[in-house]
Amino acid sequence: METYDLIIIGGGPAGLAAGLYAARRNLKVIILSEMLGGQMSWAPSVENYPGSKPISGLKLAEIMKKQAKKFGCKVKLEKVVGLNLKDEIKTVRTTEKEYSSKSVLIATGSHYKKLEAEGEDKFIGRGVSYCATCDGPCFKDKKVAVIGGSDTAVRSAIYLSEIASETYLIHRRDQLRAEEVNQKRLEESKVKIIWNSVVEKIEGDKLVKKIIIKDVNTNETKELDIDGIFIEIGEIPTTEIMKAAGVEINEKNFIKVDSNFQTNLPGVFAAGDVTGSFAQIVVAAAEGAEAATNAYLYLRGGVYGEKKPADYGEKKWKKQPRIE
Ligand SMILES: Cc1cc2nc3c(=O)[nH]c(=O)nc-3n(C[C@H](O)[C@H](O)[C@H](O)COP(=O)(O)OP(=O)(O)OC[C@H]3O[C@@H](n4cnc5c(N)ncnc54)[C@H](O)[C@@H]3O)c2cc1C
């Protein structure tokens with residue numbers, strides 16, 4: 001069995017930044033990830049990573065991986081399928097083999113809920129988006145539709161209406177779940193609401209051209225010409241195997257961490273989208289860096305090499321008013 005000081009599960013920006021920071025602290029560290037780059041790799045152009053020119057998410061992931069590896073972090077593309085996190089020595093089982101370590105950092109992110117409409121997968125990154133903050137600016141003076149009825153959906157629609165020429169909000173019910181204050185803002189905006197409707201099909205050639213929507217009361221369908229469709233119906237944190245291993249999660253399935261990014265289990269840390277943070281690359285990377293540094297402190301039992309035991313004090317769960 002390969003043994004490490006720190007095993008990082010997830011190779012998105014949180015995991016890759018954590019790998020870099022851990023390796024620079026001379027920890028024996030490995031990143032185990034199903035795929036490289038996580039959600040970041042779906043971003044055709046990342047324009048808001050400080051200090052970087054617009055760059056494809058996949059390319060940014062490659063650069064982050066190269067940087068972490070340069071300092072000695074190992075990276076393996078393997079899916080983690082089983083965990084034992086409660087003992088001092090933790091074991092991590094992948095589809096390939098078993099690893100052990102003294103600490104584990106969970107950076108498994110989350111995945112956006114899909115509409116499951118025909119054409120959705122085909123047009124991801126070519127008109128279908130799950131992130132208005134990220135992709136909105138690409139739709140200047142174009143027609144867009146936002147799907148959903150939550151605060152996120154409403155805020156995205158208002159934001160997009162300031163960029164796009166026309167913005168629709170399509171919701172399957174006749175009322176929104178969003179906060180009153182956002183509903184009022186929506187009324188004052190240019191957004192056109194289409195109630196009681198679901199998207200059945202997304203069509204286009206290279207890029208999205210139109211969607212077919214169905215009225216759920218009358219079953220009538222109609223076409224709507226649009227250039228972009230923003231699917232804002234929620235997200236699912238990737239926490240199933242951690243939950244089974246005893247890691248505490250909150251009511252929305254995000255992993256609970258204290259102000260040191262440590263979970264309820266000693267030596268088990270979590271960072272990035274999986275903790276319910278503001279879902280942005282820069283935030284995930286920053287949290288990964290901090291969590292890895294705290295893993296180092298946990299392993300060394302003191303602050304930056306001092307011999308005194310790490311005092312994490314009483315658990316103060318990190319506040320998680322998710323910024324959406
Ligand atoms: C289309 C799109 C465009 C975006 N554009 C931008 C943008 O322009 N700017 C911006 O700041 N943000 C953008 N975001 C948001 C940003 O990508 C995320 O906030 C960020 O990637 C979260 O990083 P993370 O490391 O926490 O998790 P993720 O990126 O989700 O990475 C999680 C990793 O964990 C791995 N994993 C999960 N389960 C397992 C398992 N069991 N075993 C092994 N590995 C596992 C996954 O394969 C993945 O590699 C975009 C998101 C999307 C979907």
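**Close-up views of the predicted model**

View 1. Beyond its neighbours within four places in sequence, Ser100 is in contact with Met1, Glu2, Thr3, Tyr4, Ile7, Ile89, Lys90 and Thr91, where contact means heavy atoms within 4.5 Å. The model is predicted: local features need pLDDT of at least 70, side-chain atom pairs count only at pLDDT 80 or more, and totals for chains, interfaces and linings use all residues. Residues are numbered from 1 along each chain as its sequence is written, and side-chain values use heavy atoms, with hydrogens and water left out. Buried denotes under 20% relative accessible area, exposed over 50%, and partly exposed the range in between, with a 1.4 Å probe and protein chains only.

View 2. A polar side-chain atom of Ser33 is placed 3.1 Å from a ligand oxygen atom. For Met35, a backbone N or O atom lies 2.8 Å from an oxygen atom of the ligand, and for Asp273 a backbone N or O atom likewise lies 2.8 Å from a ligand oxygen atom. Of the 1,000 Å² of accessible area that the ligand has on its own, the protein covers 96%. Accessible areas come from the Shrake-Rupley method with a 1.4 Å probe; for residues, only the protein chains shown count as cover.

**View 3. The shell of residues around the ligand.** There are 34 residues around the ligand, of which Met35, Gln39, Val80, Asp273 and Ile281 come nearest; a residue is near a molecule or strand if one of its heavy atoms lies within 4 Å of it. At least two shell residues are supplied by each of β1 (2-11), α1 (13-24), β2 (29-36), β7 (110-112) and α7 (281-300). The largest share, four residues, comes from β2. By class, the shell holds 16 nonpolar, 14 polar and four charged residues. Ala, Val, Leu, Ile, Met, Phe, Trp, Tyr, Cys and Pro count as nonpolar, Asp, Glu, Lys and Arg as charged, and the others, Gly among them, as polar.

**View 4. Helix α4 and its cover.** Helix α4 is largely enclosed by the rest of the structure, because nine of its 11 residues are buried. The buried residues are Asp151, Thr152, Ala153, Val154, Ser156, Ala157, Ile158, Leu160 and Ser161. Their cover includes α3 (132-135), β9 (143-147), β10, α5 and β15 (228-231). At the N-terminal end, α4 is capped by Ser150, which has a side-chain oxygen 3.3 Å from the backbone nitrogen of Thr152.

**View 5. The two sides of helix α5.** In α5 (residues 180-188), the buried residues are Asn182, Gln183 and Leu186. Viewed down the axis of α5, the buried residues fall within an arc of 100° and so line one face of the helix; the arc is that of the directions from the helix axis to the C-beta atoms. Glu180, Lys184, Glu187 and Glu188 are exposed on the other side of α5. The cover over the buried residues of α5 includes α4 (151-161), β10 (166-170) and β11 (192-194).

**View 6. Val268 in strand β17.** Strand β17 spans residues 268-270. With a relative accessible area of 0%, Val268 is buried. Beyond its neighbours within four places in sequence, Val268 is in contact with Leu85, Lys90, Val104, Ile106, Val247, Phe261, Gln262 and Thr263. Val247 is 21 residues away from Val268 along the chain, and their C-alpha atoms are 8.4 Å apart.

**View 7. Loop residues Glu220, Asn26 and Glu116.** Glu220, in the loop between β13 (208-215) and β14 (221-225), is exposed at 57% relative accessible area. Asn26, in the loop between α1 and β2, has a phi near 70°, a positive value in a residue other than glycine. Asn26 is exposed, at 65% relative accessibility. Glu116, in the loop between β7 and β8 (128-129), also is not a glycine and has a positive phi of about 65°. The relative accessible area of Glu116 is 67%, and the residue is exposed.

Methods
A polar contact is a pair of N or O atoms within 3.5 Å; within protein, one must be able to donate a hydrogen and the other to accept it, and residues adjacent in sequence count only if both atoms are side-chain atoms.
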